[in-house]
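Biologist: I have a structure open and would like to go through it with you. Can we start with how the helices pack?

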Amino acid sequence: MISFARGAPAPECLDAELLADCARSAVLGDPGVLAYGPGGGYERLRAWLGARHGVDAARVVVTNGGLQGFVFYAEELLAERPGRVLVEAPTYDRPLKILARLGVEVVPVAMDAEGLDPAALEHELAAGESSFLYTIPTFQNPSGRTLSTERRRLVVELARAHGVPVLEDDPYGLVRYEGEPPPSLHELEGGDLVTYASSFSKTVAPGVRVGWFVAPAGLAARIEARAVSNYISPPFLTQATVFELIDRGAFEPNLERIRGLLKTRRDAMVAALEHELAGVATWSEPEGGYFLWVDLPADAGDLLARAEAAGVTFVKGSDFFPDGSGRRSARLAFSYASPSEIGSGVSTLASLLRV
Ligand SMILES: Cc1ncc(COP(=O)(O)O)c(C=O)c1O
C-alpha cells in the first residue's frame, strides 16, 4: 500500500545512530534522567526552550508530544472558561476527537488559501462565549496552508478585542523548504493570550514524544500540575536525548537533512499532480510541512475505497471537519512515501478519477 495517509516522516528522516549516541551520552552524563523529576520537563531543555522563546523556563512545559499537551491545555481552559472551542475548518482530526470526548461544542471557522478567514472568525467570536481558538497557522494539518502575516495581525487583534485565548499549534514551522517564515501569533501577541505549542516529532523523531508548550505563567503551572497527576514525571531520557542533540550542535544539520528529504517528496507530489491532474483537481502548494490538500471532482470517500483496492491510501477531507463537510477534498501526505511511490500513487489516483 502506498500511504499518503500517514502524517509521519519517511524512515530515512530518522537518524538512529545519532539518536542512539545522544541517548547514551544523555544517560551517562546525567544519571538524574533515570529518576523522577519535575513534571514540567527536563530542566536543561526547558531552559533552552525558554531562552529560544524569550520567556522564563517556568513558562515552558515539556509534554509527551504536542498532543498530550493539547489534552491538558483543553482540559484547563474548559474548566477555567467554559464555552465553545473555535477551530479551523478543516483542522487536525485528533483534537476534534479529543474535544468530542470532552463533550464541548466545536465551532468550525472558514479558511481559504491564505488560512483562517478573519471575517468568519470575528463573526464566530461575536456569536457566543468561546473558551479558546485552536489554530495551526503554518503548513496547517491538513490543508498545508499558511496564515499570511497580515491575517496573523488581524487574528491577534480579534483575540485581544474579545479576550479569547488562542492555542497556536506549530509542529511544522521549522520544516520549511523555501520562503521566509512569518512571525508567530505568540510573538505578535506577546504571550498573554496566545499559548504556543510545538514538538520535536517533525524535527527529530515522533518516537521521542517530546513536545512543548509556552504558556502564561499561571496556566503553565496548572498544565504542569496536570502532567504530574497523570504521569508523575515525563520521560527524561528522551527529553535529555533531544537536549543532547541540541547541545552538541546536531539539531540544525539534522533538520537541514530532513528538509532536503521532504522537499524532494513535496516536489515529487506537486510535479505528479501537475502532470496527472491539471485541470481536473486543484491543490495547495505549501512551502513546507507534510501535507497538501486536494479539491477533487468526485466524492473522496468513493475514491478512497477504490484507491485502497488499487494499493493507495489517503485521508478523506470530511475527517477534518466537525460537521462532516469536505466530502470532495482529500489530505495527501507527501512526508512518508518515497518520491517514486509518490509518482505512481498519484498516477493511480488520477486513473481512478478519469474513469
Ligand atoms: C498539527 C499537529 N499538532 C500536533 C501533532 C501531534 O504531534 P506530537 O507527535 O508532538 O504529539 C501533530 C501530529 O501530526 C499535528 O499535525
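**Helix packing and buried residues**

Modeller: H3 and helix H8 (residues 217-231) pack at an angle of about 120°, and their axes are 10 Å apart. That makes H3 oblique to H8. Keep in mind that this is a predicted model.

Biologist: Is the crossing of H3 and H8 left-handed or right-handed?

Modeller: H3 passes H8 in a right-handed crossing.

Biologist: Which residues meet there, between H3 and H8?

Modeller: From H3 the list is Gln68, Phe72, Tyr73, Glu75, Glu76, Leu77 and Glu80. They meet Leu219, Arg222, Ile223, Arg226, Ala227, Asn230 and Tyr231 in H8. By type, the residues of this contact of H3 with H8 are seven nonpolar, two polar and five charged.

Biologist: Let's stay with Tyr73. Is Tyr73 buried or exposed?

Modeller: Tyr73, which lies in helix H3 (residues 65-80), has a relative accessible area of 0%, so Tyr73 is buried.

Biologist: What does Tyr73 touch, leaving out residues up to four places away in sequence?

Modeller: Tyr73 touches Phe132, Pro165, Val166, Leu167, Thr195, Phe213, Leu219 and Ile223. Leu219 and Ile223 are also among the H8 residues in the contact with H3.

Biologist: And how far apart are the C-alpha atoms of Tyr73 and Ala110?

Modeller: Those two C-alpha atoms are separated by 23 Å, and the residues are 37 apart along the chain.

Biologist: New topic, aromatic rings. How many aromatic pairs does the structure hold?

Modeller: There are 11 aromatic pairs in the structure. One of them is Phe200 with Phe251: the ring centres are 5.9 Å apart and the planes are at 85°, so this pair is edge-to-face.

Biologist: Where do Phe200 and Phe251 lie?

Modeller: Phe200 is in the loop between strand E8 (194-199) and strand E9 (211-214), while Phe251 is in helix H10 (residues 251-277). The pair therefore ties together parts that are 51 residues apart in sequence.

Biologist: What about Thr203, where is Thr203 found?

Modeller: Thr203 is in the loop between E8 and E9, the loop that also holds Phe200. Thr203 has a relative accessible area of 2%, so Thr203 is buried. Not counting residues up to four places away in sequence, Thr203 touches Leu174, Val175, Phe251, Asn254, Leu255 and Ile258.

Biologist: Which residues form an aromatic cluster?

Modeller: Tyr172, Tyr290 and Phe291 form one aromatic cluster.

Biologist: Back to helices. At what angle do H2 and H9 pack?

Modeller: Helix H2 (residues 43-53) and helix H9 (residues 236-247) pack at about 55°, with axes 8 Å apart. H2 and H9 are therefore oblique to each other, and their crossing is left-handed.

Biologist: Which residues of H2 and H9 meet?

Modeller: Arg44, Leu45 and Trp48 in H2 meet Gln239, Val242, Phe243, Ile246 and Asp247 in H9. The residues of the contact of H2 with H9 divide into five nonpolar, one polar and two charged.

Biologist: What does Glu244 touch?

Modeller: Glu244, in helix H9, touches Cys22 and Ser25, with residues up to four places away in sequence not counted. Glu244 has a relative accessible area of 18%, and buried means under 20%, so Glu244 is buried.

Biologist: How exposed is Asp21?

Modeller: Asp21, in helix H1 (residues 16-29), is partly exposed, with a relative accessible area of 38%.

Biologist: Last one: how do H11 and H12 pack?

Modeller: Helix H11 (residues 300-309) and helix H12 (residues 339-354) pack at about 125°, with their axes 10 Å apart. H11 passes H12 in a right-handed crossing. Leu303, Arg306 and Ala307 in H11 meet Leu349, Leu352 and Leu353 in H12. Five residues of this contact of H11 with H12 are nonpolar, none is polar and one is charged.

Key:
Residues numbered from 1 in each chain as written. Predicted model: local features only at pLDDT ≥ 70, side-chain atom pairs only at ≥ 80, totals over all residues. Heavy atoms only, no water. Axes fitted to C-alpha atoms, helices over the stretch in contact; angles between N-to-C directions. Helix = DSSP H or I, 4+ residues; strand = E, 2+ residues; numbered from the N terminus. Left-handed = near helix turned anticlockwise from the far one by under 90°. Contact = heavy atoms within 4.5 Å. Nonpolar A, V, L, I, M, F, W, Y, C, P; charged D, E, K, R; others polar. Buried < 20%, exposed > 50% of the residue type's maximum accessible area, 1.4 Å probe, protein only. Phe/Tyr/Trp six-rings, centres within 6.5 Å; stacked < 30°, edge-to-face > 60°. Parallel < 35°, antiparallel > 145°, perpendicular 65-115°, else oblique.
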